[in-house]
Amino acid sequence: MEIVITQKKISIGDKYNIFTDGQPTHKASKQLLQLLAEIRLFESNGITPDVIINRRFTWLKPAYDISNKNRHILAFRTRSFWKRHYCCQSNSDIYDIYRHRGLKYSIFKNNQQIAWWEKSTITWFEGDNYRIIANDDCDTDLIISFCLIIDNISGHHDTQIMTINIGNIGFQAKIFDSQWRPK
């Protein structure tokens, strides 16, 4: 499956439109006037959030709590600040999120890759754009949440006419697997 996330920067916060296989399926929003970020993920026609992402206060290692509509809270934590390796546990499943060179990230569930995404190198007027390739049976809300969290961590939320991002040229915990294909 292909998930596309487009960010729109407006004065009161960021808004995201999310498309799955070309169809609008979700929307998300982040309020600007908050000390710690809160991101809400909705179905495209929903008024009650399916997922709420809250940033926790930490010094160097970003941490977030992800709560779904069943009030189940998942802890998204940083394993390596320098290599940008993150993890999240959902019941008995462990998700690892790895930053690679360039603008790519991969998601592993129980040591098996289930998705990857790439951020657009150049954006005009609007915010960032992401293209996620994932297995058809993955938890879409969780995959989208991971991408929204990484967008929030990156902190490039200025309102310039054009933004050019060359991505990571530093350390990486795992090398990107260009041969991986979704199931």
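Predicted model: local features only at pLDDT ≥ 70, side-chain atom pairs only at ≥ 80, totals over all residues.
Residues are numbered from 1 along each chain as its sequence is written, and side-chain values use heavy atoms, with hydrogens and water left out.

The chain contains one helix and 14 strands, where helices (H or I, at least four residues) and strands (E, at least two) are DSSP runs numbered from the N terminus. Of its 183 residues, 44% count as buried; buried denotes under 20% relative accessible area, exposed over 50%, and partly exposed the range in between (1.4 Å probe, protein chains only). The chain exposes about 10300 Å², of which carbon and sulfur atoms supply 53%; accessible areas come from the Shrake-Rupley method with a 1.4 Å probe, and for residues only the protein chains shown count as cover. Among contacts (heavy atoms within 4.5 Å) with a separation of 6 or more, residues 24 or more positions apart account for 38%.

In soluble globular proteins, nonpolar side chains tend to be buried together. A nonpolar core is defined here as a set of buried Ala, Val, Leu, Ile, Met, Phe, Trp, Tyr and Cys residues joined through side-chain atoms within 4.5 Å. The largest such core comprises 36 residues, and the members that touch the most others are I5, I66, F76, W117 and F146. Helix α1, spanning residues 140-154, gives the most to this core, with nine residues. Beyond its neighbours within four places in sequence, F76 contacts P62, A63, Y64, I66, Y86, C87, C88, I97, F146, I149, I150 and I153.

Ten salt bridges are found in the whole structure, each being a side-chain nitrogen of Lys or Arg within 4 Å of a carboxyl oxygen of Asp or Glu. One of them joins D14 to K30, with the closest N and O atoms 3.7 Å apart. Because D14 lies in strand β2 (residues 13-20) and K30 in strand β3 (residues 23-31), this pair ties together parts that are 16 residues apart in sequence. D14 is buried, at 7% relative accessible area, and K30 is likewise buried, at 10%.

A salt bridge also forms between D65 and R77, whose closest N and O atoms are 3.1 Å apart. The pair links distant parts of the chain, D65 being in strand β6 (residues 64-68) and R77 in strand β7 (residues 73-80), twelve residues apart. D65 is buried, with a relative accessible area of 17%, while R77 is partly exposed at 26%. Both belong to a network of salt bridges that also includes R56.

K104 and E118 form a further salt bridge, with a closest N to O distance of 3.2 Å. K104 is in strand β10 (residues 104-109) and E118 in strand β11 (residues 112-119), so the pair connects parts 14 residues apart in sequence. E118 is partly exposed, at 29% relative accessibility.

No disulfides were identified, the count being zero when a disulfide is taken as a pair of cysteine sulfur atoms within 2.5 Å. Of the cysteines, C138 is buried at 12% relative accessibility, and C147 is buried at 0%.

Three further residues illustrate local surroundings. D96, in strand β9 (residues 93-99), is buried, with a relative accessible area of 4%. Its side chain makes a polar contact with the side chain of H85 at 2.9 Å; such a contact is a pair of N or O atoms within 3.5 Å, where within protein one must be able to donate a hydrogen and the other to accept it, and residues adjacent in sequence count only if both atoms are side-chain atoms. Not counting residues up to four places away in sequence, D96 touches R79, H85, Y86, C87, S106, I107, F108 and N111.

A115 lies in strand β11 and is buried, at 0% relative accessible area. Leaving aside neighbours within four places in sequence, A115 contacts S106, I107, I132, I133, A134, I143 and W180.

N17, in strand β2, is partly exposed at 41% relative accessibility. With residues up to four places away in sequence not counted, N17 touches V4, I5, T6 and H26.
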